[in-house]
Amino acid sequence: TFTRSTRPQRMLKAVQKNATKGSPESVISAIDYFCKHSEWAMNVGDEKGSILDSVVTEVNPSTVLELGTYCGYSTVRIARLLSPGTKFITLEFNPANVTVARQIIAHAGLQDKVTVVEGSSGDLIPQMKERFGITTFDFIFLDHWKDRYLPDIKLFEECGLLRKGSVLLADNVICPGAPEYLEYVRNSPRYENRYYPAHLEYTKVEDGLEKSVFLG
Ligand SMILES: Nc1ncnc2c1ncn2[C@@H]1O[C@H](Cn2cc(CNC(=O)c3cc([N+](=O)[O-])cc(O)c3O)nn2)[C@@H](O)[C@H]1O
Ligand SMILES: [Mg+2]
């Protein structure tokens, strides 16, 4: 029987066809080209991706967590900037997307830099310490279900996974929006925040990233 491919599978084919193996930049370009000329997809994209790059470079983290791997676009953006020995974990709920993401990350030659863990953030965050030997995360990128941003930041606090200076960067705080999360970090004395205005990936729609530094 004929089963139609999925958008992540078509994105993977485009990467395998157009990107040079071992080149993270060409994987990033191939995905951005696919999203601009073939099919829109919910990667953080090139404009917000450059902001993500600058924050990762500024933090120069030793431990990194990403929520919502999807196809691995932001995973590749982050992993290509990390120093050797950095511990980078990305969480992905959908097993089909885990499979696609691992292949895209491998095409970029970054498979040894990051661990893609299948499961939901709510289940996996409390396991970070004992399963992966993490004490605290220096940098966290939130790009998963928007109604999970707030419960998950509270989970980070409860599990003692944040230290003074830990940086959280949240995608889509305007579109689709994460109003409860924004209200929480902006009204909490425990976070120093900065909003980076941008646009929804590959569109002219307003969106942005919120950076929140945990003050301890
Ligand atoms: N709690 C979770 N734990 C682990 N993985 C998760 C979780 N929630 C979603 N995911 C995974 O994230 C991936 C991508 N994803 C992200 C979202 C939520 N983000 C968006 O819906 C979104 C939507 C738009 N948009 O509609 O324009 C733009 C964006 O940049 C977005 O991130 N839904 N799936 C999917 O593979 C899903 O399995
Ligand atoms: Mg997003």
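Reader: Are Asp 143 and Asn 172 buried or exposed?

Author: In this predicted model, a residue counts as buried when its relative accessible area is under 20%. Asp 143 has 13% relative accessibility and therefore falls under that cut-off. Taken as a pair, Asp 143 and Asn 172 are both buried.

Reader: Which residues coordinate the magnesium ion (ligand 2)?

Author: The donor residues of the magnesium ion (ligand 2) follow the spacing D-x27-D-N in sequence. Within this set, Asp 143 lies in the loop between strand E4 (139-142) and helix H8 (149-158), while Asn 172 lies in the loop between strand E5 (167-170) and helix H9 (173-177), so that the pair, 29 residues apart, links distant parts of the chain. At 2.0 to 2.2 Å, the ion is coordinated by Asp 143 (OD), Asp 171 (OD) and Asn 172 (OD1).

Reader: Which side chain is joined to that of Asp 143 by a polar contact of 3.4 Å?

Author: Leaving aside residues up to four places away in sequence, Asp 143 touches Met 42, Val 44, Leu 67, Gly 68, Tyr 149, Asp 171 and Asn 172. The polar contact of 3.4 Å, by contrast, runs from the side chain of Asp 143 to that of Lys 146.

Reader: What is the volume of the largest pocket?

Author: Of the 25 residues that line the largest pocket, the closest to its centre are Met 42, Gly 68, Asp 143, His 144 and Trp 145. Strand E2 (87-92), helix H6 (121-124) and H9 each supply at least two lining residues, and the lining as a whole divides into ten nonpolar, nine polar and six charged residues. The volume of this pocket is about 520 Å³.

Notes: Residues are numbered from 1 along each chain as its sequence is written. Chains are lettered from A and ligands numbered from 1 in the order in which they are written. This is a predicted model: local features need pLDDT of at least 70, side-chain atom pairs count only at pLDDT 80 or more; totals for chains, interfaces and linings use all residues. Side-chain values use heavy atoms; hydrogens and water are left out. Donors are N, O and S atoms within 2.8 Å of the metal (3.2 Å for Na, K and Ca); water is not among the atoms, so sites may look incomplete. Helices (H or I, at least four residues) and strands (E, at least two) are DSSP runs, numbered from the N terminus. Buried means under 20% relative accessible area, exposed over 50%, partly exposed in between (1.4 Å probe, protein chains only). On a 1 Å grid over the protein atoms alone, a cavity is a set of points where a 1.4 Å probe fits but cannot get out, and a pocket is an open set with protein on both sides within 12 Å along at least five of seven lines; lining residues have an atom within 4 Å of a point. Grid points are joined across faces, edges and corners, and a volume is the space filled by probe spheres set on the points. Ala, Val, Leu, Ile, Met, Phe, Trp, Tyr, Cys and Pro count as nonpolar, Asp, Glu, Lys and Arg as charged, and the others, Gly among them, as polar. A polar contact is a pair of N or O atoms within 3.5 Å; within protein, one must be able to donate a hydrogen and the other to accept it, and residues adjacent in sequence count only if both atoms are side-chain atoms. Contact means heavy atoms within 4.5 Å.
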